[in-house]
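Me: I am new to this structure and would like to learn how to read it. Could we go through it one feature at a time?

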Amino acid sequence: MSTLKRFLQDTVLYGLATVVPRLMNFILVPLHTDKLNTVSYSDNTTFYVYAAFFNVLLTYGMETSFFRMFSIKKNKEKVFSTVLLSLTVTTLLFFVVAWGFNNSLAQTVELKLEYFNYLLGVLVLDTLVVAPFAYLRATGRPIRFASYKLLNITVYFLLNLFFLWAIPKFNIDFKFYNNNDKVQYIFIANLAASAVTFIFLIPYLFKTKLNFDIKIFKELINYGWPIMVAGLAFVVNENLDKLMLKDMLDKDIMGAYSGCYKLAVFMTLFIQAFRLGAEPFFFNHAKEKNAKTVYAVILKYFVIVAAFGFLFIVVYIDIFKEQFIRNASYWKALEIVPVILLANLCLGIYHNLSIWYKLTDKTRYGMYISLFGAFITILFNYFMIPVIGFMASAWATLIAYGGMMIISYVLGKKHYNVPYEISKITFYLLISILSVYFSFYLFRGNYLIGTGLLLLFLGIVYIFEKKELQKLFVKK
């Protein structure tokens, strides 16, 4: 159990670096939805959809490849140097080419030229710090990692407040301020935050002797390119629905959908925090005799916490709605939230299960599974948006992630059999789904019944996990 405690500590430390920034980002949602109409919010969404796409393309699986090679190679500094040089060179080449064709590219992605230029700057700066951030994680420096992440979001947060709240409220005389194009200031804030973070991480660019090893590079690419393809497929699963809603319906619907989608951020926060702690842990612990048993226990408790969070958000969804999306024009898409939450829960389980192909160096399976999810996303949205509107996008996300989860489990049993407690996991999921159904569709707004369902879920978990929880948390 001491291993699990170390894992929990790492997850908390690294998770803070993601949870706090994303939480601060989420706190900005009321400001953004107040100051931007649904059409402008659509532009904001488009910006970050393409940011996600190019981010995967520019890192081409190198981050996960780095963790793998760093854990098995003796010359770890050479691995870091090779990754650093590779990402730096390709990023600068991308910048030169993209800047030369920025006008055409801006039209292709349907962004104003100035928006695209901001996007280009953010992409370049964020990619250049991928290797230093990965190095901090791999060498177990969570405090420094978290400090730089918090610095980034603090700059972004304060500049958002300055541009979107302080200037209009106090009539600050800002010569270049454009009251009719407020969305651009979100992008400017992001660019400034990325620049500050890059400046602070510059020392890590010169931390090691620059040494590009061709053999290591080939291993990194062979391991990482399927992860890149899987990452691109994930971006399709996560974001294509929004672009399709804009094209097949309109920007207003896309903006409302994207705004309500933000209410699923708490599940996303938990999953991301988990991954930050889990990925290095899974690789470093792989050689231990009890590794598979530990992985099984981790998945079970992941599902318990995520299922509770799923139910909690839905029970109090109207409170969250009024606090974080005060603009009622967004509420028309609120019914997507339970479906998107469940979809993200399935995605979190998939990330747990995916350790089998990462540890067995069969990352191409991750690519195949993600491509399957992307295929489902595209087809379901294309055929069902004209039939059931924006709910098609929510259901497509759930079907895609649910299918990926099931396929990964089946393949994992064959290639790297972990003794997951499937009966318990399925039981907890069913209890949470039934409770969500009752809370959202039958007793919505009845907080007495909703709170009772939450307590019932916790009681059931306590009954079944009492002995294990005592071993985990009670010191003898």
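Reply: Gladly! Let us start with burial: a residue counts as buried when its relative accessible area is under 20%, as exposed when over 50%, and as partly exposed in between. Please keep in mind that this is a predicted model.

Me: Is Ser-42 buried or exposed?

Reply: Ser-42 has 0% relative accessibility, so this residue is buried. You will find Ser-42 in helix 3, which covers residues 38–59.

Me: Which residues is Ser-42 in contact with, leaving aside its neighbours within four places in sequence?

Reply: With those neighbours set aside, Ser-42 is in contact with Lys-246, Lys-251, Met-254 and Gly-255.

Me: How do I read a pair of aromatic rings?

Reply: The general idea is that such a pair is described by how far apart the centres are and by the angle of the planes. This structure holds 38 aromatic pairs. Take Phe-212 and Phe-217: their ring centres are 5.2 Å apart and their planes stand at 45°, so this pair is tilted. Planes under 30 degrees apart would count as stacked, and those over 60 as edge-to-face. Phe-212 is partly exposed at 35% relative accessible area, and Phe-217 is partly exposed too, at 24%.

Me: What kind of aromatic pair do Tyr-316 and Tyr-447 form?

Reply: Tyr-316 and Tyr-447 are stacked, with 5.7 Å from centre to centre and 25° between the planes. Their pair links distant parts of the chain, 131 residues apart: Tyr-316 sits in the loop between helix 14 (291–315) and helix 15 (317–324), while Tyr-447 belongs to helix 21 (residues 447–473). Tyr-316 is buried, with a relative accessible area of 17%, whereas Tyr-447 is partly exposed at 29%. Both tyrosines also belong to a cluster linked by ring pairs, together with Phe-308, Phe-312, Phe-320 and Phe-324.

Me: Which residues lie over the face of a ring?

Reply: Here are two cases. Lys-76 lies over the face of Phe-70, 5.1 Å from the ring centre. Lys-169 lies over the face of Phe-170, at 5.9 Å from the ring centre.

Me: And how should I read a nonpolar core?

Reply: In soluble globular proteins, nonpolar side chains tend to be buried together. Here, the largest nonpolar core has 162 residues, of which Phe-66, Ile-336 and Ile-349 touch the most other members. Helix 14 gives the most to this core, with 18 residues. Leaving aside its neighbours within four places in sequence, Phe-66 has contacts that include Val-79, Phe-80, Ala-134 and Leu-220.

Key. Residues are numbered from 1 along each chain as its sequence is written. This is a predicted model: local features need pLDDT of at least 70, side-chain atom pairs count only at pLDDT 80 or more; totals for chains, interfaces and linings use all residues. Side-chain values use heavy atoms; hydrogens and water are left out. Rings of Phe, Tyr and Trp (its six-membered ring) pair if their centres lie within 6.5 Å; planes under 30 degrees apart count as stacked, over 60 as edge-to-face and the rest as tilted. Buried means under 20% relative accessible area, exposed over 50%, partly exposed in between (1.4 Å probe, protein chains only). Helices (H or I, at least four residues) and strands (E, at least two) are DSSP runs, numbered from the N terminus. A charge sits over a ring if NZ of Lys or CZ of Arg is within 6 Å of the ring centre and within 35 degrees of the ring normal. A nonpolar core is a set of buried Ala, Val, Leu, Ile, Met, Phe, Trp, Tyr and Cys residues joined through side-chain atoms within 4.5 Å. Contact means heavy atoms within 4.5 Å.
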